[in-house]
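Subject: Structure handover

Hello,

Here is the structure I promised to pass on. Please open it first; my notes follow below.

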Amino acid sequence: MHDKYKSIAKLCSQAINDHVASIENNLVNDGRMGGFYRYVNSKLNGSNGIAPLRNRNGDLVHHDSGKATLLNDYFASVFTMDNGIIDTSRLPPKINAKMSPTFFTPAAVLKSIKQLRHNSSAGPDNLPAEFFKATANYILLPLSIIFNMSIQTCVLPDIWKCASVTPVFKKGTPSDPANYRPISLTCIACKLLETGVKASLLNYLLEHNIINSNQHGFLSRKSTTTQLLDCSLDWNIALNGRSKLDIIYLDYAKAFDSVVHTKLLAKLDCYGIDGMLLTWIRNFLVGRTQFVKIAGVCSSACSVISGVPQGSVLGPVLFIIYVNDICALTPAGVSVKLFADDVKLYSVLVVALHLNVCSLV
């Protein structure tokens with residue numbers, strides 16, 4: 001009996017190894033580098049996705065609670081302190097248009113629920129997307145009433161302003177906390193509310209051409225592809241004209257975490273955002289908390305004093321509003337293309353040809 005068990009166990013191990021080898025061969029042969037690097041990064045980390053981390057003393061921290069605390073402390077350390085100064089001369093010009101109030105109907109809530117992915121992770125309230133999809137017909141009216149009350153009273157439940165942060169490894173040394181990106185898991189009910197606010201906000205901004213046309217991130221019919229096409233057209237025209245190009249690529253450090261709330265709200269006010277919604281956005285941003293969760297173990301919560309939550313619905317839109325006027329600050333002759341927190345600057349250098357003309361006498 002023992003020999004039979006060993007034989008079957010050997011066959012199972014061989015089948016698993018063959019399966020893993022098949023997956024790896026498919027990744028190599030597929031040619032898509034994104035999937036390949038995600039697979040490699042998953043192997044670099046520990047079984048729970050987070051490798052042992054080094055603390056300030058250089059010691060490796062192996063237990064999950066210590067790693068969660070270490071990462072939460074690092075994520076909190078990159079927040080930007082508000083200096084309380086708003087330079088009105090640097091604010092965008094006031095827009096005369098006024099945004100219509102945001103209102104939720106059961107049909108709008110249903111549309112947002114249908115857009116949820118079945119495997120969307122639950123937030124701090126532990127309510128998964130599947131719950132909202134399965135009970136949609138019963139909760140549409142109550143949710144629309146709650147959402148409208150939230151907008152009208154400018155109040156959000158504390159749990160909707162709390163984020164369970166999942167650290168995602170980027171690149172570099174897996175033991176360095178600075179090489180992890182915080183992705184915030186928030187309550188799905190709040191995400192449904194944010195979806196309606198985002199739609200109302202973008203409709204107004206796009207209708208009045210407030211969003212800079214050089215921004216290609218988080219906008220309908222815009223993408224990295226459209227940005228590349230715009231750049232390629234300009235570059236080809238320059239090169240065909242035998243001109244030279246200077247190109248600079250910028251990537252903001254901790255861009256989403258460093259947004260100063262008062263300065264963002266000042267810009268929103270300049271853009272004519274509805275006063276009630278402006279107050280709601282302020283309360284959405286201010287007084288937030290977050291904690292890091294690793295393998296079911298959570299760190300203590302800390303206050304979020306700046307930034308827009310990564311992983312939220314509204315956060316990316318608020319960020320592109322925050323950097324919307326960057327193109328107006330560049331010198332004449334410099335083109336700027338944006339994709340969220342990635343900036344590409346380039347300038348065409350016209351080369352003058354000096355010809356020596358010799359006169360024959």
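Is Phe339 buried, partly exposed or exposed? Phe339 is partly exposed, since its relative accessible area is 22%. The cut-off matters here: buried means under 20%. Please keep in mind that this is a predicted model.

Phe339 sits in strand β9. That strand belongs to an open sheet of three strands, ordered β5-β10-β9, with antiparallel pairing. β5 (244-251) and β9 (334-339) are the edge strands. Each has a single partner strand, so one side of each lacks a neighbour in the sheet. On average, neighbouring strands here are turned by 20° against each other, direction ignored.

β9 pairs with β10 (residues 342-349) over six bridges, in the antiparallel sense. Within that pairing, Val336 stands opposite Leu345 in β10. Helix α8 (residues 224-240) packs on the sheet. It touches β5, β9 and β10, and its direction makes about 10° with that of β10.

The aromatic rings

The count of aromatic pairs comes to ten. One of them is Phe218 with Phe256. This pair is edge-to-face, with 6.5 Å centre to centre and 90° between the planes. Phe218 lies in the loop between α7 (188-207) and α8, while Phe256 lies in the loop between β5 and α9 (261-270). The pair therefore ties together parts that are 38 residues apart in sequence. Phe218 is partly exposed, at 36% relative accessibility. Phe256 is buried, at 9% relative accessible area.

Phe218 also pairs with Phe339. Their ring centres are 6.4 Å apart and their planes stand at 35°, so this pair is tilted. Here the link runs between distant parts of the chain: the loop between α7 and α8 on one side, strand β9 on the other, 121 residues apart.

Ring pairs join these residues into a cluster of Phe218, Phe256, Phe319 and Phe339.

Charges over rings

Two further contacts are worth a look. Lys267 lies over the face of Tyr322, at 5.4 Å from the ring centre. The charged end of Arg288 sits over the ring of Phe284, 4.8 Å from its centre.

To find your way in, begin with Phe339: it lies in strand β9, and ring pairs link it into the cluster.

Best wishes

Technical notes:
Residues are numbered from 1 along each chain as its sequence is written. This is a predicted model: local features need pLDDT of at least 70, side-chain atom pairs count only at pLDDT 80 or more; totals for chains, interfaces and linings use all residues. Side-chain values use heavy atoms; hydrogens and water are left out. Two strands pair if DSSP finds at least two bridges between them. Helices (H or I, at least four residues) and strands (E, at least two) are DSSP runs, numbered from the N terminus. Axes are lines fitted to C-alpha atoms, for helices over the stretch in contact, and angles run from 0 to 180 degrees between N-to-C directions. Contact means heavy atoms within 4.5 Å. Rings of Phe, Tyr and Trp (its six-membered ring) pair if their centres lie within 6.5 Å; planes under 30 degrees apart count as stacked, over 60 as edge-to-face and the rest as tilted. Buried means under 20% relative accessible area, exposed over 50%, partly exposed in between (1.4 Å probe, protein chains only). A charge sits over a ring if NZ of Lys or CZ of Arg is within 6 Å of the ring centre and within 35 degrees of the ring normal.
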